[in-house]
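Work through these exercises with the sequence and the model open side by side. Try each task before reading its solution.

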Amino acid sequence: MWNRAKFIFAIVTIGLCLSANPSLAQQAASQVSKAEHAHSKAQGPWWKQAVIYEIYPRSFQDSNGDGVGDINGITSRLDYLRDLGIDAIWISPMYPSPLVDFGYDISDYTAIDPLYGTLADFDRMVREAKKRNIRVIMDFVPNHTSDQHPWFAESRSSRTVPKRDWYIWRDGKGPGQPPNNWQSWFGHSAWKFDPTTNQYYYHHFYTEQPDLNWRNPQVRKAMYDAMRFWLDRGVAGFRIDAVSRLFEDPDLHDDPILPGKNAYGDPNIAHKYTDNLPEVHEVLREMRKVVNEYPGNPVLISEADEPNIAELTKMYGGKDDEVQLPMDFQIADVNKRSAPEFRRLLNEIDKNAAGGQPHYFFSNHDQVRQWDRYGDGVHNDQIAKLMAALLLTTRATPLMYYGEEIGMRTTDPVRKEDVQDPIGKIGWPEEKGRDGERTPMQWDASKNAGFSAAQRPWLPVPPSSTEYNVKAESKDPNSILSFYKRLLALRQSEPALRDGLYLPLIGEDPYVLAYLRKKPNNSDVILVVLNMSAEPRTVKFDLAAEGIGDSSAKPLIASPEMGRDSTLLSHFIIPEFGVFIGSVH
Ligand code: GLC
């Protein structure tokens, strides 16, 4: 990663040294740019080959015994991430925040919350990460601030202050009646009455998270300057939170009502007038220009649960001028082990009209963990390996969530009074909130699983941590962790897996998902076979049309283990929930 100031300094210095001899300067410049060009052409930008790992900082490693994870804790675990084979970490927000939404309610975009450490700690973490070839990606929350942000304090103070228009203020329809029927994603009306000025403000999420007005140019400038602040400190890009929610219909049309009620007891509605408005793309293009000001190919990742491939494709921009990696929620949320469904979605995104890089994940801080969501209750460990193989062998930039590599499971609170996440309090018992997927990382079998020396960490450590932890699993060659490590190492050593073409096979099979990954001229070809069903299956591959002469495949990684013998392609037996990754020629 480059620090922008250092980059400018280097350019100026080179310029001063070489200006005495212009021909030498020209030669040097052309050599540098040719070499750089050739290198980036051969490799592509780093984020195309990277494996990204999400860290929820409250829960990764506590270094000071207060029961909450912190920056120095992350720094102390960088060796673990390097050895695992991680190229970049995305860290959920660590900005100053009243923590109503645990950091997604920001009260200062250019500082670090003392709970997590200091800016100096942050800089040290970025430096230490860089030494290990790990990039740091910041979470960026443009849709809303905290209601404690000084911008909002000014905005709510009077109808005539300059920052009034930085947020969305409207009159109610009548006494006690909000401006329209829009609902918060977190339950109930999206409008909150503010008695100081007798108007309502709009909040897509909690009432403590007022939405910024992205139609105001000053808001845009302030937010882009905040991005530059972190790029100047050497971050490698941003995961942009809730990006599709940036704009609302200025005419305040009511959203269409759908049948039934949601977990909060409100009527279901389609968020037609508050989601995915076309202006979102204008902002994404502007954000892309901001990151493009910096060397080193900083990346934009968008959080947007796009409903279909057409909407997802739009996120890349018409001219590769928006987001490089839009998260694919369709793949994340298939929520069943369906070979046909995964095949359909993988094929769709592989051929997306924008030619964009797919970006897959299964778990994150808002989703029930994949161990529970894809497991069948009996073979969950084997299924965890199956899902890992799917994530790490398809043509995509994979995104992991801390703990998935050790088979961490979702551990929901059992009593309402233990719930930390406000949506669990509002929606209890139907909606238990997101605490279950945010429990502390399980490092070993010691007190609090090695996460914290505190009496009580902010969320309880699940009982399963005595068996499922980094230390125990590192010693067991059959553990989920050992499997992830082997997969990640194979991705590194096999160019076909990193950036080869994706070629779906046996397109009609109801249970087995299979594909080739291959480099041009078949210089490196990998066959991946994943049995998503609870029965052994026999399939037949005819790869002659792909220029493959072999009649069998040589295993590189298989689970369950199957020895080193090659497997016949014409009579290929794959065990229940089995994974086979092998080479063919
Ligand atoms: C995103 C975050 C989620 C947060 C919400 C509001 O969806 O991932 O954790 O609650 O935005 O900021």
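**Exercise 1. Which residue forms a salt bridge with Asp-421, and how far apart are the closest N and O atoms?**

Some ground rules come before the solution. This is a predicted model, in which local features need pLDDT of at least 70 and side-chain atom pairs count only at pLDDT 80 or more, while totals for chains, interfaces and linings use all residues. Residues are numbered from 1 along each chain as its sequence is written, and side-chain values use heavy atoms, with hydrogens and water left out.

Solution. 
- Step 1. Apply the criterion: a salt bridge is a side-chain nitrogen of Lys or Arg within 4 Å of a carboxyl oxygen of Asp or Glu.
- Step 2. The partner is Arg-434, with the closest N and O atoms 2.7 Å apart.
- Step 3. Asp-421 sits in the loop between strand E13 (397-401) and helix H15 (422-427), and Arg-434 in the loop between H15 and helix H16 (470-475), so the bridge ties together parts 13 residues apart in sequence. Helices (H or I, at least four residues) and strands (E, at least two) are DSSP runs, numbered from the N terminus.
- Step 4. Check burial. Buried means under 20% relative accessible area, exposed over 50%, and partly exposed in between (1.4 Å probe, protein chains only). Asp-421 is buried at 0%, and Arg-434 is buried at 8%.

**Exercise 2. Find the salt bridge between Arg-239 and Asp-139, and say which strands hold the two residues.**

Solution. 
- Step 1. The two side chains meet at 3.0 Å, N to O.
- Step 2. Arg-239 belongs to strand E7 (residues 237-240) and Asp-139 to strand E3 (residues 135-140); the pair links distant parts of the chain, 100 residues apart.
- Step 3. Arg-239 has 0% relative accessibility and counts as buried. Asp-139 is also buried, at 0%.

**Exercise 3. Which residues are linked with Glu-128 in a network of salt bridges?**

Solution. 
- Step 1. The network links Asp-79, Arg-82, Asp-83, Glu-128, Lys-131 and Arg-132.
- Step 2. Glu-128 is buried at 16% relative accessible area, and Arg-132 is buried at 18%.
- Step 3. For context, the structure holds 35 salt bridges.

**Exercise 4. What is the strand order of the six-stranded open sheet, and which helices pack on it?**

Solution. 
- Step 1. The order is E14-E15-E16-E21-E18-E19, with antiparallel pairing. Two strands pair if DSSP finds at least two bridges between them.
- Step 2. Strand E14 (501-505) and strand E19 (567-568) are the edges, each pairing on one side only.
- Step 3. Look inside the sheet. Strand E18 (residues 552-559) and strand E21 (residues 579-583) run antiparallel and are joined by five bridges. The bridge partner of Lys-554 is Ser-583 in E21.
- Step 4. Helix H14 (residues 380-393) lies across strand E15 (512-518), strand E16 (525-531), E18 and E21, at about 40° to E21. Helix H17 (residues 480-493) packs on the sheet, touching E18 and E21, and its direction makes about 135° with that of E18. Contact means heavy atoms within 4.5 Å. Axes are lines fitted to C-alpha atoms, for helices over the stretch in contact, and angles run from 0 to 180 degrees between N-to-C directions.

**Exercise 5. Which residues come nearest to the ligand?**

Solution. 
- Step 1. Of the 13 residues around the ligand, the nearest are Asp-101, Asp-241, Glu-303, His-365 and Asp-366. A residue is near a molecule if one of its heavy atoms lies within 4 Å of it.
- Step 2. List side-chain distances to a ligand oxygen. An N or O atom of Asp-101 is 2.6 Å from one. For Asp-241 the value is 2.9 Å. A polar atom of His-144 also lies 2.9 Å from a ligand oxygen.

Definitions and conventions: Polar contact = N/O pair within 3.5 Å; in protein donor to acceptor, adjacent residues only side chain to side chain.
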